Amino acid sequence: MESYADALREQEKALENINNKLALLPDSSGCYLMKNREGTIIYVGKAKVLKNRVRSYFRGSHNGKTQRLVSEIRDFEYIVTASNMEALILECNLIKKYQPRYNVLLKDDKTFPYLKITNEPHPRLEVTRRVLKDKAKYFGPYPNAYAAHQTKKLLDRMYPLRKCGAMPKEVCLYYHMHQCLGPCEYEVSQETYQQIRDEISSFLSGGHEEIKKELQRKMQEAAEELYFERAKELRDQIISIEALMEKQKITTADTKDRDVFGFAVDKGWMCVQILYVRKGKMIERHMSTFPFYGEPYNDFISYVTQYYSDNPALPQEILLPDAPSAEEAASGEEQSVTGAELQHADQAAESAASYTTGESKLAEAEEDPQPLAGGGLEDPHTAAAALQQWLEVKVLLPQRGLKRQMVSMATENARVALDEKFRLIARDEERTSKAADNLGRAIGLESLHRVEAFDNSNIQGANPVSAMVVFIDGKPAKKEYRKYKIRSVQGPDDYETMREVIRRRYERVLKENLEMPDLIVVDGGRGQISAAVDVLQNELGLFIPVCGLVKDAKHKTSQLLVGDPPETVALPRNSEEFYLLQRIQEEVHRFAITFHREQRGKSMVTSRLDAIPGIGEKRRKMLLKHFGSIKKIKEASVEDFRPLSIGDKLARQIITALQDEES
């Protein structure tokens, strides 16, 4: 009760401090940092007007996730910036620095691969994930490593650039395969390299049709001159180009490089889809799904900012969705757009004024800012203008025409992916719940809501421990897991260990009036079941069903035993009920083994140091913290112990004891 009162007083004091700081907030743009009771930064945000944005957290009502964030805030700081663009960049840098738990964190921001033609006397083509200012030529980003490596594999066959990192003394196999010019052995002019660079650049920039025609011409010539092996190589290259470019279905009238963004939110999760359009063709897509706690559009813009902060190979245009209206946000409905519809969209409408830029709407937005769905204060056009100013790339919010349809397609893909995620979760939960019900019926129980499973672990009786896991409706409830150090059993006695653990667990359940399980699972056969039933019925007066899981020679779940005397329950090996039993047995075994390893590791350290006179728990911890390991303590000199206020005599005793023990 006292701790609750202290917490209440602490919260009231923090709220008073926050109210005082709210009164002093400026009307400027900037970033704010929310802190919890430990002073840890838990959320970073940006605002066009700091006073309005920060106050909104402590005024009015919020949705469940925002309430959770606000409930942990005990203090805040803010940094004033000169413009919205500076606030955008500062927010991105602060998120990367502090990794706040309630912010959208782009965990895969450094995983996008690029193709790179190095800037060397003898250039190479390589896949890299780092874009440096080294005068090399970069192409990408590719949505995954497989796509990048497949493209490189094709280009390696077509263009004979150097493959080795260090120049060898003689030509290698690549030269004999016609995949290297052999600069280690022969003189290669810079004009030849420049021609190869230009052809690779043309290919990766959408000029593969011209290259394919040239390969077809060379193939015909080789066939006419009866060089059939060469003709076959050229034919294989043509087939590889067609296979690589097969996915490029969606086209636009121009040949611009674009990144098209769309996002959808549901049940506190956000899905962002990026469609990569290169030279007017949609080549790939990238999807990210993550929980969010702020306003949807704010967190979406935060994601986009982080994405481009570490992916500097920019397209010519970035297409962003506008903020959804309140009706759209509530219904989650938007017309779906298919690839075929997009490909045959009206080009005339596209050539008209089909979009608005961040610049064209900036003045209008500042005069009459429109709140976002969910009460956000970030204006989409202001955010687009800030991104455009920072990246020096056109950032558009299409309103109609083909570009609007492309954004709608990305948004619809995001919505479908999010819906699929929740349907898979629901399907998995339904199957798991059904498996638990079927298992209960097989055992003869009306319902099987709560299962508690036990497992023992020791090595020849040393460091005996036991563990309990809890499954509710077929799913693990990890907060209710428990660990037990065995107190009364000496030596490797599984039956007595099981008696002690069952006794300790259910004495506490009775004493504290905790929820009783519908079924107790012990890891073992008839002996463990009898030991558990004896304690439950004869000592505690509890009549809870107990079953045992017997393993086969490969240490896998083999059969289920129930009752006293135990009888085998026949379950098909491919049934959901049997898989559930396997998961329970594997989980309790994993939990017990992990705990046993922890205890064994501690006991090994404890026994070696605690056996030395003058070393207690405090000094043992101090020594391990200072030196890092027993080995380093043993190798230390007497002088190394003096900073720990350990005298020379005791230091010699420690070193001698450890060395004697090893010998």
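The side chain of Thr81 reaches the backbone oxygen of Ser83 at 3.2 Å. This contact belongs to a predicted model. Thr81 lies in the loop between β3 and α4. With a relative accessible area of 10%, Thr81 is buried, because the limit for that class is under 20%. Leaving aside residues up to four places away in sequence, Thr81 touches Ser29, Gly30, Glu86, Ala87 and Leu90.

**Overall composition**

The protein chain has 663 residues, of which 45% count as buried. Its secondary structure consists of 22 helices and 20 strands. Among contacts between residues at least 6 apart in sequence, 63% join residues at least 24 apart. The accessible surface of the chain comes to about 34900 Å², and carbon and sulfur atoms account for 49% of that surface.

**Nonpolar cores**

The largest nonpolar core holds 29 residues. Within this core, Phe261, Val272, Phe300 and Leu320 touch the most other members. Two or more residues each come from α4 (84-98), β7 (258-266), β8 (269-278), α10 (296-309), α15 (380-391) and β12 (394-398). Helix α10 gives the largest share, seven residues.

Which residues does Leu320 touch, not counting those up to four places away in sequence? The partners of Leu320 are Phe261, Tyr297, Phe300, Ile301, Val304, Leu387, Val395, Leu396, Leu397, Pro398 and Val407. Two of these partners, Phe261 and Phe300, are themselves listed with Leu320 among the residues that touch the most other core members.

There is also a second, separate core, which has 27 residues. Its members include Ala436, Leu549, Leu571 and Leu581.

**Phe58 and its surroundings**

Phe58 sits in the loop between α2 (50-57) and α3 (64-72). Its relative accessible area is 18%, so Phe58 counts as buried. Apart from residues up to four places away in sequence, Phe58 touches Ile18, Leu22, Met34, Val70 and Ile73.

**Salt bridges**

Side chains of opposite charge can pair when their charged atoms come close. The count for this model comes to 26 salt bridges.

| Pair | N to O distance | Relative accessible area |
|---|---|---|
| Asp75 and Lys21 | 3.0 Å | Asp75 23%, Lys21 24% |
| Glu120 and Arg162 | 3.3 Å | Glu120 27%, Arg162 7% |
| Arg642 and Asp648 | 2.9 Å | Arg642 45%, Asp648 26% |

The side chains of Asp75 and Lys21 meet in a salt bridge. This pair links distant parts of the chain, with Asp75 in strand β3 (residues 75-80) and Lys21 in helix α1 (residues 2-22), 54 residues apart. Asp75 is partly exposed, and Lys21 counts as partly exposed as well.

The side chains of Glu120 and Arg162 form another salt bridge. Here too the pair links distant parts of the chain, and the partners are 42 residues apart. Glu120 is in the loop between β4 (114-117) and β5 (125-128), while Arg162 is in the loop between α5 (145-158) and α6. Are these two partners buried or partly exposed? Glu120 counts as partly exposed at 27% relative accessibility, whereas Arg162 is buried at 7%. The assignments follow from the limit for a buried residue, which is under 20% relative accessible area.

Arg642 forms a salt bridge with Asp648. Arg642 counts as partly exposed, and Asp648 is also partly exposed.

Some salt bridges share partners, and Lys116, Glu120, Arg124, Glu126 and Arg162 are joined in this way into one network.

**A nonpolar surface patch**

Leu173, Tyr174 and Met177 form a nonpolar patch on the surface. Together these residues have about 310 Å² of accessible area. Tyr174 is in helix α6 (residues 173-176). Its relative accessibility is 38%, so Tyr174 counts as partly exposed.

Conventions
Residues are numbered from 1 along each chain as its sequence is written. This is a predicted model: local features need pLDDT of at least 70, side-chain atom pairs count only at pLDDT 80 or more; totals for chains, interfaces and linings use all residues. Side-chain values use heavy atoms; hydrogens and water are left out. A nonpolar core is a set of buried Ala, Val, Leu, Ile, Met, Phe, Trp, Tyr and Cys residues joined through side-chain atoms within 4.5 Å. Buried means under 20% relative accessible area, exposed over 50%, partly exposed in between (1.4 Å probe, protein chains only). Helices (H or I, at least four residues) and strands (E, at least two) are DSSP runs, numbered from the N terminus. Contact means heavy atoms within 4.5 Å. Patches are made of residues with over 30% relative accessible area and no salt bridge: like charges are joined within 9 Å, nonpolar side chains (Val, Leu, Ile, Met, Phe, Trp, Tyr) within 5 Å. Accessible areas come from the Shrake-Rupley method with a 1.4 Å probe; for residues, only the protein chains shown count as cover. A salt bridge is a side-chain nitrogen of Lys or Arg within 4 Å of a carboxyl oxygen of Asp or Glu. A polar contact is a pair of N or O atoms within 3.5 Å; within protein, one must be able to donate a hydrogen and the other to accept it, and residues adjacent in sequence count only if both atoms are side-chain atoms.
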